[in-house]
Structure formats: C-alpha cells, structure tokens
Amino acid sequence: MNEQELMSELERLVSEDRNPRTMDIDLLPTMDILRMINDEDSGVPAAVEKVIPQIAAAVDRIVGAFQKGARLVYMGAGTSGRLGVLDASECPPTFGVPEDMVLGLIAGGPKALVRAVEGAEDDPQQGIKALQGIKLTADDVVVGIAVSGRTPYVIGGLTYARQVGATTVALSCNPRSVIAGIADIAISPLVGPEVLAGSTRLKSGTAQKLVLNTLTTASMIRIGKSYQNLMVDLNPSNKKLVARAVGIVMQTTGCTAQQARRALDQTGKDVKLAILVTITGMGIEEARKALDNAGGFLRKAIGEKTA
C-alpha cells in the first residue's frame, strides 16, 4: 500500500477523524483543556457498555480455554500491544496463575514496550511468527488489539490463528474493521474522534484497557480465582501483597492478624488454602484435596465441608 492509499484509508476511520468539539483546544488555558479532555473521556464507559454481549462471548471462550489448560494470547502494536502486555503481566501476581497462561505479544518484541520500533507493525508475517514462536494451539484464544482494526501485524496473527483453529477475538475502535471481519468475535467500542486527532492512546486506549480488564477479571472469577470479591489466589510476592494476604485471611475468617500469618506460613503463603484451613479446621493436605475436588472454588470447598 502506497502513502496515498494509506492516507485515504486512514481518512475513513472514525478514530482518525478530527473532533469538532476540540478544534480550539490549543487556545484554551490549562483548566479548560483538562475539562475538555475529561468531558471526552466520560463517554468511554458507555461505549464499552454497548459491547458487553461481545465481551461476554469472549469471556466464555477464554474460560473454556483455561479449563483445558490452554492460554489467552493478546497481540498488538504500539499502545494496543503495550496494553495487552500490561494486562497479561498483571495476571500472575493478581490471580496466582502461571506466567504463560496469559501472554502479551507486541510488534517489535519487548524493546517496543519502551520505545517505538519503526515499521514493526507493518509486516503480517511478524504476527504469524510471533504465534508460531509460542506454539499456538487450537485450544488457545487469541485477542488481536488494534484501534484502527487494520494493523498488518494483528491481521497476520489473527489469520494464522484461525488457520490453526484457535478462537479469535478482535478488539478495535472502528466499525466494520478488517480484524472484525477475520475474528470469531468482534469487540468494537466506538468512542469517536480523539481530543487530538489520531492520538488513539487517549479515549481508544482507555476503552481497550477497560475491555482487557473485564476479559481477564471475569474469566479468572469464573475459574474460581476469587472468594466473594476478594483475590484469594494472589501471589504474596512483596511486602504489600503479604499484608494484603493477611488482611484477606482476617476478613474471610474473622481471625486475628497473628492467626492469619500463622496459617499463611503453614500453607506456604497460599491464601485460599489458609482460609479453608482456618474456617474448617482441616489439615493442610485434606484442605488441598478438598480444593482440588471443588475445582479450586473456595465457596464450594467450604460448603462441602460445612454443609
């Protein structure tokens, strides 16, 4: 595609339009600029709300993949890729899952996380190679993230993923995008033109972040990674998380801080196991087996013992 063709294609994208409400933003004082940005941002949650049915369909596929021991794979370029890597990297400490259960792939590789890698997103073969590099299987779910919906790296990846038989999801902020036409499920929150034309790290990036939050959070809840609204499978890998783990055990069992710390020490800082042992009086191995039998769902393990 030559430069003229690319310019013509970009002109047709909602995310590239000029926003009539912000044409004079460069004449405004600081407070008015901030209010204008905030006003534009306020419509993002409503745009995401409209695509909840599509998000739910994707969550159900992701849950099915996790239950088979398969993976969720994000792939994108630039801001979209960074948001996918961010969401993936936060799953192990938040939910105590293996590091390869949710993966984030970015055009240009890890160095593209901190600086732009020129031309990395323009080669669909790089998207294919990235998925081949992680040995993508038919049981995996691939979420292609691209505001424009036309990023070659993502198009190549989603096309390959479909050939493999994996579930494919497209996350874009333009209607009837190219990747939406490729994927099994299309999630397209339409937030309109940006405050600064084409700066899609703004409203579009916020919408993507909200969608990614819901994909992983809802999926993890569905596979038993929470008890009530608490993160009982978090990995207490630093002082803050250890303190949070102690607090969670106290909140769920009514025990003292000293008792919570003792239970966590006895269970190797396994929050879910510490709660079950404290509530039911089970031995550690008995509690571990009860959790396994309950598929990791703490409510069910507690109910089976105390019913």
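## Close-up views of a predicted model

**View 1. Thr200 sits in the loop between β5 (185–187) and α9 (203–222).** Is Thr200 buried or exposed? With a relative accessibility of 19%, Thr200 falls under the 20% cut-off, so it counts as buried. Leave out residues up to four places away in sequence, and Thr200 touches Ser15, Val147, Glu194 and Gly205.

**View 2. The largest pocket has a volume of about 460 Å³.** Thr200 turns up again here: among the 21 lining residues, the closest to the pocket centre are Glu16, Glu121, Ser148, Thr151 and Thr200. Which elements give two or more residues to the lining of the largest pocket? Those are α1 (3–11) and α5 (78–95). The largest share, three residues, comes from α5.

**View 3. Leu131 lies in helix α6, residues 124–133.** Leu131 has a relative accessibility of 0%, so it counts as buried. What is Leu131 in contact with, leaving aside its neighbours within four places in sequence? The list runs to Val73, Met75, Leu105, Leu136, Val142, Gly157, Tyr160 and Ala161. For a sense of scale, pick Arg288: Leu131 and Arg288 are 157 residues apart in sequence, and their C-alpha atoms are 35 Å apart in space.

**View 4. Helix α12 (residues 271–280) is mostly covered.** How many of the 10 residues in α12 are buried? Eight of them are, namely Val271, Lys272, Leu273, Ala274, Ile275, Leu276, Val277 and Thr280. As a reminder when you look along any α-helix, there are 3.6 residues a turn, so residues three or four places apart point the same way. Now for the two ends of α12. At its start, a side-chain oxygen of Asp270 comes to within 3.3 Å of the backbone nitrogen of Lys272. After α12 comes Gly281, which has a positive phi, near 80 degrees.

**View 5. Cys91 and Cys173 both count as buried.** Cys91 has a relative accessibility of 1%, which is why it counts as buried. Cys173 gets the buried label because its relative accessibility is 2%.

Key:
Residues are numbered from 1 along each chain as its sequence is written. This is a predicted model: local features need pLDDT of at least 70, side-chain atom pairs count only at pLDDT 80 or more; totals for chains, interfaces and linings use all residues. Side-chain values use heavy atoms; hydrogens and water are left out. Helices (H or I, at least four residues) and strands (E, at least two) are DSSP runs, numbered from the N terminus. Buried means under 20% relative accessible area, exposed over 50%, partly exposed in between (1.4 Å probe, protein chains only). Contact means heavy atoms within 4.5 Å. A polar contact is a pair of N or O atoms within 3.5 Å; within protein, one must be able to donate a hydrogen and the other to accept it, and residues adjacent in sequence count only if both atoms are side-chain atoms. On a 1 Å grid over the protein atoms alone, a cavity is a set of points where a 1.4 Å probe fits but cannot get out, and a pocket is an open set with protein on both sides within 12 Å along at least five of seven lines; lining residues have an atom within 4 Å of a point. Grid points are joined across faces, edges and corners, and a volume is the space filled by probe spheres set on the points.
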